[in-house]
Amino acid sequence: MPSRTALISGRFGIRNGILAHYGAGSQFRIENNPYCGPKHSNQLFSRQMMAHGMKTVCFSNFPDRHNALWFMAGWEEFHMINLKGGHETGEEINAKVLPWLQANAAQDNFYLHLNYWDAHRPYKMSASWADRFKDFPVPQAWPDAAAIEKHQALAGSFTSHGQFPEDKSPFPLMPGAINNRHDFEQMITAYDASIAYVDFYLNQVLDELKRQGVFEETAIIISADHGDAFGEHGIYSDHVNADECVQRVPLIIRWPGVTPENATSKAFMYNVDYPPTLCDLLGIPIPQEWDGKSYRENVTGRSGVDRDFLVWDTGLYTVQRAVRTKRHLYIRTYEKGDYDNWRDEELYDMVDDPHQTRSLADQCPDVIAECRDKMEKWKIGQMSKNNWVSDPLEDIVIERTRQKAKQNL
């Protein structure tokens, strides 16, 4: 929910209020008119597109899954797939999407948002989807046997023995626990299989665009809400923390006449940059309260938006805020949740140690101080913007502290 809220609002979670799925940190903040939706200054991306001539269409169960019914605002058409709340399959989604394309793909100026869940844990498709990887061993050498053995003692959701009750998986693709390297490789293959599954159904959409004769005039953009951990901090799958593996998401853009072939960008961007970028490319005004920047120049193959650092946060399983510079990742943990493998402050060299196996917090006090300063200045910058309420990360910590106090009575 935090990722999608940032995407649709164009604002960071610290300002839009959502850093978690429930409780404190899950209440959407937006300045509304007395009637007819948000004020123009903080308009939702979907409404801004619709207000400027785009036919906006969404196929997604997300609002139902996370009780985020406000997400449905601004879509000329909103299609609920069913009532499975994120457990629907690509096959079920395409059963509704493909007929819509057959009837509507020839229209001009439509923006179609599709949400596939299948690459999200648990990886529950048929085990046959892994057959295509039999001749392709997992190339990632880490975590090795020693690292996996070290992780056996960790407790909490999605740790090596926090996958399923009694370490028994109901899904053929997934191991019941991560006891050894073989189990890890099975998990990775399951993830690859889930991506292949989504690719299969996404390809059906692309084929339909080709059949309708509009593929060469259609922009295709693929991204995600989060990544999965595979051993980092002893977590296997899902999105527990502010680690790089969770916070870094794909962005693939094919825009005829705009994107150069095979071009890439290593610039630091946020998902809140997506709404202003699309508006910029389409000649649509960008609301003044959006936090994102347009990376139009990056998309067209030129030097554009880049940042010296990014700030990430999470408030669901753990409560953390992080600073990612070009070299380092600094993580501050405010509340550890059910885990005991977090220090209050950690620092990693993401060039030499991309899997975050060795914290340098004690060895690099100057870097720690620099990252603290960046985080504090970033927060002050957010607080200085219009309509500031409070830091939802702090609200989550207060709520959890009170809950623990009640449990200890």
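**Close-up views of the predicted model**

**View 1. Contacts of Leu209.** Apart from neighbours within four places in sequence, Leu209 is in contact (heavy atoms within 4.5 Å) with Leu101, Ala105, Val214, Phe215, Thr218 and Ile220. The model is predicted: local features need pLDDT of at least 70, side-chain atom pairs count only at pLDDT 80 or more, and totals for chains, interfaces and linings use all residues. Residues are numbered from 1 along each chain as its sequence is written, and side-chain values use heavy atoms, with hydrogens and water left out.

**View 2. The largest nonpolar core.** A nonpolar core is a set of buried Ala, Val, Leu, Ile, Met, Phe, Trp, Tyr and Cys residues joined through side-chain atoms within 4.5 Å; buried means under 20% relative accessible area (1.4 Å probe, protein chains only). The largest such core has 38 residues, and Leu101, Tyr123, Phe184, Met187 and Leu209 touch the most other members. Strand 1 (55–59), helix 5 (90–104) and helix 7 (181–211) each give two or more residues to this core, and helix 7 gives the most, with twelve residues. Helices (H or I, at least four residues) and strands (E, at least two) are DSSP runs, numbered from the N terminus.

**View 3. The second core.** Phe28, Ile30, Leu44 and Val305 are among the 27 residues of a second, separate core.

**View 4. Strands 6 and 7.** Strand 6 (residues 309–314) runs antiparallel to strand 7 (residues 319–325), with six bridges joining them; strands pair if DSSP finds at least two bridges between them. A hairpin connects the two strands through four residues. Phe309 has Thr325 of strand 7 as its bridge partner. Five of the six residues in strand 6 are buried.

Note on methods. Buried means under 20% relative accessible area, exposed over 50%, partly exposed in between (1.4 Å probe, protein chains only).
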